[in-house]
Amino acid sequence: MKLLFVYYANSGKLNTLFDVGHKLFSPSSYKCSLCALTHDVFSENAIWKRFRDEGQFDMVFYHKDEFEIIFPKVKLVYPTILKLENNQLTTVLNPEVLNDIPNVETLIDRLKSSI
C-alpha cells in the first residue's frame, strides 16, 4: 500500500519560484492547500518532515503534471491524497477535505485515522 500525494502545482524551478512568490505575497489565494499544509514558504514543514521520516506509510509525492504523465487516464481535482493498493487507486482525502484542514497536525491525524 502506498499513499500518493498530488499537489496542485506543476514541477520545475520556475514554477517553484512562482509558488514561493504567491505564498509570500498572497497566501490566502494560494490554491494548493496540501502544499500550504506540508510546506512553509521556503522549505518543508518540520512537523511534516518528522512524520514522513518516521516511515509509518510508504509515500510518493507528485506535482500534478508528473502525476498526469504517470496516470494519464486518471482524472482528478487537485490537490488530492490517494491510496494505491493492489493496483487500485482510492481517494483518502479530497480537495474539499484538504481545504478544511487547519494545520499539519490535523492532516497527520486525518491520515492516521483514514488508513
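Author: Gladly; what follows looks at one helix contact and then at the aromatic rings. Please keep in mind that this is a predicted model.

Let us begin with the helices. Two packed helices are described by the angle between their axes and the distance between the axes. Here the pair is helix 3, residues 46-54, and helix 6, residues 104-114. Their axes come within 9 Å and cross at roughly 25°. Angles under 35 degrees count as roughly parallel, and helix 3 and helix 6 are therefore roughly parallel to each other. As for handedness, the crossing of helix 3 and helix 6 is right-handed.

On the helix 3 side, the contact is made by Ile-47, Trp-48 and Phe-51. Helix 6 brings Val-104, Glu-105, Leu-107, Ile-108, Leu-111 and Lys-112 to this contact. Sorted by class, the residues in the contact of helix 3 with helix 6 are seven nonpolar and two charged, with no polar ones.

Trp-48 and Phe-51 also lead us to the rings. They belong to one aromatic cluster together with Phe-5, Tyr-7, Phe-57 and Phe-61.

The structure holds ten aromatic pairs. One of them joins Tyr-62 and Phe-67, edge-to-face, at 5.8 Å centre to centre with 70° between the planes. Both Tyr-62 and Phe-67 are buried. Tyr-62 also pairs with Phe-71: the ring centres are 6.2 Å apart and the planes stand at 90°, so this pair is edge-to-face. Phe-71 is buried, as is Tyr-62.

Methods. Residues numbered from 1 in each chain as written. Predicted model: local features only at pLDDT ≥ 70, side-chain atom pairs only at ≥ 80, totals over all residues. Heavy atoms only, no water. Phe/Tyr/Trp six-rings, centres within 6.5 Å; stacked < 30°, edge-to-face > 60°. Buried < 20%, exposed > 50% of the residue type's maximum accessible area, 1.4 Å probe, protein only. Axes fitted to C-alpha atoms, helices over the stretch in contact; angles between N-to-C directions. Helix = DSSP H or I, 4+ residues; strand = E, 2+ residues; numbered from the N terminus. Parallel < 35°, antiparallel > 145°, perpendicular 65-115°, else oblique. Left-handed = near helix turned anticlockwise from the far one by under 90°. Contact = heavy atoms within 4.5 Å. Nonpolar A, V, L, I, M, F, W, Y, C, P; charged D, E, K, R; others polar.
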